[in-house]
Amino acid sequence: MSQKELFDLVLLLGETMLSNGGEIFRTNELMVYAARQFGLRECSVFTIANGIFVSAIVEGELYSCQVRHIPLTPIHLERVEAMNDLSRRIAAGVVGPEEAKAEVHRIRAIKGAGPVALTLASALGAGGFGFLFGGNLRDCAMSALAGLLLYVFILNFCNRFHIRKVMTNILSSVLVTLFCCVALHLGLGDHLDKMIVGAIFPLVPGVPLTIAVRNFMENDYIAGLVRLTDAVLVAGCIAVGVGCVITTWNTLFGGIVL
């Protein structure tokens, strides 16, 4: 494998780690370890939340630099774990360039959970969080149904018509809040706040927020700020959707007290 191919492989490793939700310091370490083990000279890496800058001496005299834009995509922890394992094996010298290339392509092909699994997980998660926040069985059942409806809506409407992330979160929170209000009005639930909190929890950006904190702790302030801004924006969209429905319902029908 030529040095140019090794350089591209190092960049591919970093791109795969970062695009699936890996922290900045893990991405940097993976690329530095790979460059060292594969014999790239003077390899320098600079990574932010949505971009990678890599430079190295290639073919003995060419100082090559590449910039790769990494959009903020949904986090895929199974791929991150596989990349962490590959990183450890590369650092230990167990995996060579050809094996690493084949392995990273295998990792990139790992598929996430299917639509049925995502929908069921959303329902179970929503019902479970409704219980954790003090809801009774009727509240949890309504939260679970709202969580089921939530992912059916996201997968079959928002994803199909490529609706932007901001509007997806607003429309999704509007839908589940309206469902919970109707359920309370029909006497199917007892505590609106418990039902709504459980139902919207599948939308809450817990992992991006955790990654933002990790980035701050590793002194990666730019990356942490980008992730934190993304998480706060999602939380704000959820609040807007819930607030609009509650305010409109109270104006039209009254009687809802949170």
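Reader: Which strands does the hairpin join, and through how many residues?

Author: The hairpin runs from β1 to β2 through 2 residues. Strands here are DSSP runs of E, at least two residues long, and helices are runs of H or I of at least four, numbered from the N terminus. This is a predicted model, where local features need pLDDT of at least 70 and side-chain atom pairs pLDDT 80 or more, while totals for chains, interfaces and linings use all residues. Residues are numbered from 1 along each chain as its sequence is written, and side-chain values use heavy atoms, without hydrogens and water.

Reader: How many bridges join β1 to β2?

Author: Two strands pair if DSSP finds at least two bridges between them. Strand β1 (residues 41–48) and β2 run antiparallel, joined by 6 bridges.

Reader: How many residues of β2 are buried?

Author: Buried means under 20% relative accessible area, exposed over 50%, and partly exposed in between, with a 1.4 Å probe and protein chains only. In β2 (residues 51–58), 7 of the 8 residues are buried.

Reader: How are two packed helices described?

Author: By the angle between their axes and the distance between the axes. Axes are lines fitted to C-alpha atoms, for helices over the stretch in contact, and angles run from 0 to 180 degrees between N-to-C directions. Here the axes of α1 (residues 3–19) and α4 (residues 97–108) come within 10 Å and cross at roughly 30°. Among the residues that meet are L6 and L9 of α1, and A100 and V104 of α4. Contact means heavy atoms within 4.5 Å.

Reader: Is T27 buried or exposed?

Author: T27, in helix α2, counts as buried because its relative accessibility is 0%. Its side chain reaches the backbone oxygen of E23 at 3.0 Å. Leaving aside residues up to four places away in sequence, T27 touches G14, M17, L18, G22, T47 and I52.

Reader: And where does L30 lie?

Author: L30 lies in α2 (residues 24–38). L30 is classed as buried because its relative accessible area is 0%. Again leaving aside residues up to four places away in sequence, L30 touches L13, M17, M83, S87 and I90.

Reader: Which residues of helix α8 are buried?

Author: In α8 (residues 192–200) they are L192, M195, I196, G198, A199 and I200. Their cover includes α5 (115–132), α6 (137–158), α7 (165–185) and α10 (221–252).

Conventions: A polar contact is a pair of N or O atoms within 3.5 Å; within protein, one must be able to donate a hydrogen and the other to accept it, and residues adjacent in sequence count only if both atoms are side-chain atoms.
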